[in-house]
Amino acid sequence: MNKLYALFICLILMLSCSNQAEPHSHLNGSEKHCHHLIEQGQWLGQISINKNKKIPFNFEVRKDSIFIINSKERIGARISSNQDSLRIKIPVFDSELRFIKTKIGLMGYWHNNTKTREKLPFHAFLNPEGERKRFNGSTNSSYSLYSGNWETTFSEGTKNAYKSLAIFYQDKEFATGTFITETGDYRYLQGNVCNDSIFLSCFDGAHAFLFEGILVDNVIHGVFYSGLQWSEPWVSFKNDSFALTNPYLLTRQAARESLEFSFPDINGGSLSYPNKRFNNKVVIIQIFGSWCPNCVDETKFLAGLHSQYQNRGLEIIGLAFETPKKLSDKIARVKELKSHTRSKYEFLIAGSASKKEAQETLPFLNKISSFPTTIFIDKRGIVRKIHTGFYGPGTGEHYAKYTAEVDVLIESLLNE
């Protein structure tokens with residue numbers, strides 16, 4: 001896509017009903033007499049990424065807790081006070097909202113410490129229209145139908161182009177969905193349809209995403225925004241038969257390289273593989289980072305899998321590649337993930353959050369193109385399958401299919 005065309009699409013989107021909901025309700029004053037820190041009920045938050053773009057997200061306040069809403073997802077966190085300001089620490093991820101109360105809502109910053117302490121303006125306002133309202137739009141019933149599967153190309157026509165499967169669900173002006181790529185998915189997206197345009201966003205504490213698209217002659221032309229600086233164009237057309245490359249074919253065991261490693265664990269010791277502890281056991285090796293939302297989704301799934309099959313001989317080892325420089329800080333991040341997901345399998349600190357470093361550290365794989373990457377090993381220590389990425393719960397039937405396949409695989413390996 002040439003620059004002129006991309007600018008044209010952006011202009012169309014800005015001139016349509018893409019303006020996120022602006023403050024349309026004031027606090028009624030009762031919060032001054034309420035024993036809770038923030039007015040109760042539905043709110044609309046906004047992360048400002050530049051002068052013209054804001055990434056909206058819905059949340060609900062109950063007592064002194066907040067529940068961030070992304071489609072079917074609810075992320076709970078506590079609200080705490082610090083002198084004249086308030087703070088919300090996002091679970092697992094090294095980020096937080098710091099703000100004050102004003103006459104029209106909340107005002108402060110989202111501190112994303114994972115991304116070199118990125119700091120973005122944050123505002124929030126009471127939202128009496130509820131969680132189905134995230135973006136402003138017309139009140140008439142004229143809007144395009146987006147539901148279905150869409151073959152998508154990001155950065156089309158460039159060396160960085162890549163394919164994706166977009167899945168959208170639409171109920172009148174309310175829309176949800178996600179984009180699945182060969183390295184994972186963009187998790188739960190939620191937004192609104194306005195006339196010929198669709199607007200979807202997500203805020204989970206690790207990422208702030210905004211997708212804008214306009215449907216012209218059965219093709220969606222859009223722009224994807226992430227955080228302070230990233231943006232890229234995307235193009236989609238309906239294609240129910242489109243499928244991405246099989247994720248079991250993207251990574252393989254390197255020729256003449258045995259699967260072995262030794263790393264510190266999170267309790268002051270170390271663990272090596274192979275060793276007699278894993279003899280005659282089915283083993284899953286998870287290559288991940290606690291900073292990665294797809295990895296957190298997978299960790300929740302693996303925690304349940306481990307609980308189900310541990311007594312029959314399943315072992316799981318998580319190899320963490322973390323963002324902090326100090327080992328103690330890396331351990332702290334993984335311990336928080338372990339506690340949050342109630343995982344009882346082994347976690348080791350394998351290195352820093354870099355696919356290049358992961359590849360150098362784990363030469364028994366031909367490449368590592370995604371966090372997570374998951375290795376399935378049989379009782380004889382033979383690698384049976386390697387899965388790149390993870391189809392999380394935001395992908396709906398794709399998540400259900402993948403998790404069912406893993407159940408069947410583990411049952412088969414345990415019965416050998």
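Thr181 belongs to strand β11 (residues 174-181) of a predicted model; strands (E, at least two residues) and helices (H or I, at least four) are DSSP runs numbered from the N terminus. With a relative accessible area of 7%, Thr181 is buried (under 20% relative accessible area, 1.4 Å probe, protein chains only). Contacts of Thr181, not counting residues up to four places away in sequence, include Tyr162, Lys163 and Tyr391 (contact: heavy atoms within 4.5 Å).

Residues are numbered from 1 along each chain as its sequence is written. Local features need pLDDT of at least 70, side-chain atom pairs count only at pLDDT 80 or more, totals for chains, interfaces and linings use all residues, and side-chain values use heavy atoms, without hydrogens and water.

The chain has a mean pLDDT of 90, and 90% of its residues reach 70 or more; pLDDT is the predictor's confidence in each residue, from 0 to 100. Over residues 1-16 the pLDDT is below 50, and it stays under 50 over residues 21-33. Where pLDDT is low, the predicted coordinates should not be read in detail.

Five strands form an open sheet in the order β22-β21-β20-β23-β24, with mixed pairing (strands pair if DSSP finds at least two bridges between them). Its edge strands are β22 (346-352) and β24 (383-388), each of which pairs on one side only. Strand β23 (residues 373-377) is antiparallel to β24 over 5 bridges, and Thr374 has His387 in β24 as its bridge partner. Helix α3 (residues 327-341) packs on the sheet and touches β20, β21 and β22.

Key:
Buried means under 20% relative accessible area, exposed over 50%, partly exposed in between (1.4 Å probe, protein chains only). Axes are lines fitted to C-alpha atoms, for helices over the stretch in contact, and angles run from 0 to 180 degrees between N-to-C directions.
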